[in-house]
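Please read it alongside the sequence and the coordinates.

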Amino acid sequence: MKNKDVNSSLEFYVCEEFAMLPIVLYVVLSAVIMIFFHYYSMKALIVAAVISIFIGFLICKTKSEYWNSIVRGLAKYSNARLILIFMVIGIFSNLLVTGKIGAGFICLSLHLGIKGGGFVVFCFIVSSIISMGAGAPIAALLAVVPIFYPAGVLLGANPAVLTGAMMSGIFFGDALSPSSQVIHTTIMSQHDPVTGESAKLIETMKERLVYIIIAGVLSAVMFYITGGGGNSGNISELVNMSDIRGLWMLLPIVVLLIICFKTSDLFVGVSFGILTGLIVGICTGLFEISDIVNINSSIPQLSGILSDGLSSVIDIIVSTILLYGLISIAVEGKMMDKCCDYILSRKFVKSAKGAETVIAVGVGVVNILLAGCVLPSILMFKDVADTIGQKAGIPASRRSILLTAMSTNITAIIPINSAFVMGAMTVINQLSAKSSYLPITTPIKIFVSSYYCLILTVICILWVGFGFGRKIINKKNTISV
């Protein structure tokens with residue numbers, strides 16, 4: 001019997017361009033919820049996605065295939081793999097929080113006398129370290145905000161710049177991490193035009209390292225200059241929040257990074273990182289076995305590192321699943337093929353500079369439409385980038401760099417619908433509700449204070465515009481241009 005999932009396509013009333021309507025509505029509704037209702041949360045993105053999917057259902061002729069298409073979007077290996085990554089990263093991030101890694105860094109900052117702009121730079125660096133271990137920017141963000149936002153406010157940091165430093169740190173650390181699911185996804189999706197092999201991890205990381213370091217250093221300088229000016233709080237509260245033992249939780253991060261460097265396998269690295277963290281946490285007294293799994297039959301309630309870690313990423317997982325559905329609708333509605341054919345028919349993409357420009361703008365626009373969710377955006381645009389790049393002779397490593405850079409710059413933090421900005425705002429609102437001394441910042445202020453993302457955008461423009469390090473490949477030789 002023939003598999004009905006193969007070569008399936010959706011038909012829409014009026015015109016086939018309506019296959020893009022659900023994604024467009026998703027962006028519009030997300031903006032409306034934020035701008036007019038001032039509701040900043042991942043749940044807003046979920047609601048916008050659900051409404052958009054149902055409206056798409058009404059304008060789709062092949063209604064039964066419509067829902068099958070959404071299911072197929074989740075059933076793809078790469079998509080399902082990302083969902084599982086969120087789960088294990090959620091557990092690892094919660095392990096770090098439960099192990100008081102933030103309390104360890106706060107204690108270190110107190111001993112070093114760091115405050116104001118200095119603490120913002122410190123927060124940027126530490127967020128980078130945690131992100132290197134987390135392997136997923138959004139998971140790292142949800143781990144660092146509850147740790148450093150209260151401490152930073154008490155130490156006189158500007159709340160918006162402090163949040164921008166955490167936002168920048170998680171992207172900077174992810175760019176340096178061999179365990180990053182973003183870089184692993186991109187290098188596996190881009191292939192050499194001659195050999196057909198995918199890009200190499202170490203080669204790609206070395207090629208982009210200098211640009212990432214430049215962006216990181218410039219960001220640190222900006223954070224130091226603008227990070228102060230807040231109202232300092234009671235130092236005794238900070239002392240209560242500090243615990244030098246929390247620095248022991250650097251060990252599972254180190255283990256994770258070493259294994260990921262050696263194996264290039266994120267799941268293996270995170271698995272050993274979790275096991276190491278559990279052993280270290282129990283042996284150092286940072287937590288007990290009941291903190292790993294705790295069942296309260298009288299309520300009843302299940303809590304602990306495992307269950308709380310999974311619960312912390314539920315909104316992200318649901319939002320991602322719905323985004324996969326929206327992507328699948330556009331793909332099976334033949335709009336992605338139509339866009340790709342149109343792009344490839346233009347003379348502009350036949351040159352290396354033109355092809356890189358199209359890839360940069362294309363993945364940037366897709367990333368904005370998909371709420372800055374980096375991996376779904378790369379997954380949606382990767383085949384277009386691979387086809388265009390191979391025809392123009394652009395090395396697979398350079399395409400990988402371009403995809404990751406353009407999906408982690410300002411396109412990931414557009415304040416009207418960014419999952420990162422909304423995620424940070426959700427946590428800040430929760431913290432403020434519990435502690436009245438904590439101020440609430442705004443998405444716009446977070447956007448303009450995320451210096452790493454802003455600087456990386458400028459670097460991307462210059463990198464493509466001036467062709468730094470650009471080479472073109474053909475079957476006979478490699479030519480620098």
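I51 sits in helix α2, which covers residues 42-58, and in this predicted model the residue counts as partly exposed, at 38% relative accessibility. Its C-alpha atom is separated by 21 Å from that of I414, a residue 363 places away along the chain.

- S449 belongs to helix α22, residues 443-449, and its relative accessible area of 6% is under the 20% limit, so S449 is classed as buried.
- Leaving aside residues up to four places away in sequence, S449 touches A160, V161, G164, A165 and F223, while its C-alpha lies 15 Å from that of T408, which is 41 residues apart from S449 in sequence.
- V153 is placed in helix α7 and is likewise buried, with a relative accessible area of 8%.
- Between the C-alpha atoms of V153 and L21 the separation is 42 Å, for a distance along the chain of 132 residues.

- Helix α7 runs over residues 137-154, and the 25 Å from the first C-alpha to the last of its 18 residues is close to the 26 Å expected at 1.5 Å a residue.
- Of the 18 residues of α7, 16 are buried, so the helix is largely enclosed by the rest of the structure.
- After α7 comes G156, a residue whose phi is positive, near 85 degrees.

**Packing of α7 against α21**

- Helix α21, residues 419-434, packs with α7 at an angle of about 30 degrees, and the two axes are 10 Å apart; the crossing of α7 and α21 is right-handed.
- On the α7 side the contact is made by P137, I138, L141, L142, V145, P146, Y149 and P150, and these meet A419, F420, G423, A424, V427, I428 and L431 of α21.
- By class, this contact between α7 and α21 comprises 14 nonpolar residues and 1 polar residue, with no charged residues.

**Helix α19**

- Helix α19, residues 374-392, bends by about 45 degrees at F381.
- Because 15 of the 19 residues of α19 are buried, this helix is largely enclosed by the rest of the structure.
- Just after α19, G393 adopts a positive phi of about 75 degrees.

**Helix α5**

- Helix α5 spans residues 101-112, and its 12 residues reach 17 Å from the first C-alpha to the last, which is close to the 16 Å expected at 1.5 Å a residue.
- The buried residues of α5 are I101, G102, A103, G104, F105, I106, C107 and S109.
- The residue that follows α5 is G113, and its phi is positive, near 70 degrees.

Conventions
Residues are numbered from 1 along each chain as its sequence is written. This is a predicted model: local features need pLDDT of at least 70, side-chain atom pairs count only at pLDDT 80 or more; totals for chains, interfaces and linings use all residues. Side-chain values use heavy atoms; hydrogens and water are left out. Helices (H or I, at least four residues) and strands (E, at least two) are DSSP runs, numbered from the N terminus. The expected span of a helix is 1.5 Å times one less than its number of residues. Buried means under 20% relative accessible area, exposed over 50%, partly exposed in between (1.4 Å probe, protein chains only). Axes are lines fitted to C-alpha atoms, for helices over the stretch in contact, and angles run from 0 to 180 degrees between N-to-C directions. A crossing is left-handed if the near helix is turned anticlockwise from the far one by less than a right angle, and right-handed if clockwise. Contact means heavy atoms within 4.5 Å. Ala, Val, Leu, Ile, Met, Phe, Trp, Tyr, Cys and Pro count as nonpolar, Asp, Glu, Lys and Arg as charged, and the others, Gly among them, as polar. The bend at a residue is the angle between axes fitted to the seven residues ending there and the seven starting there.
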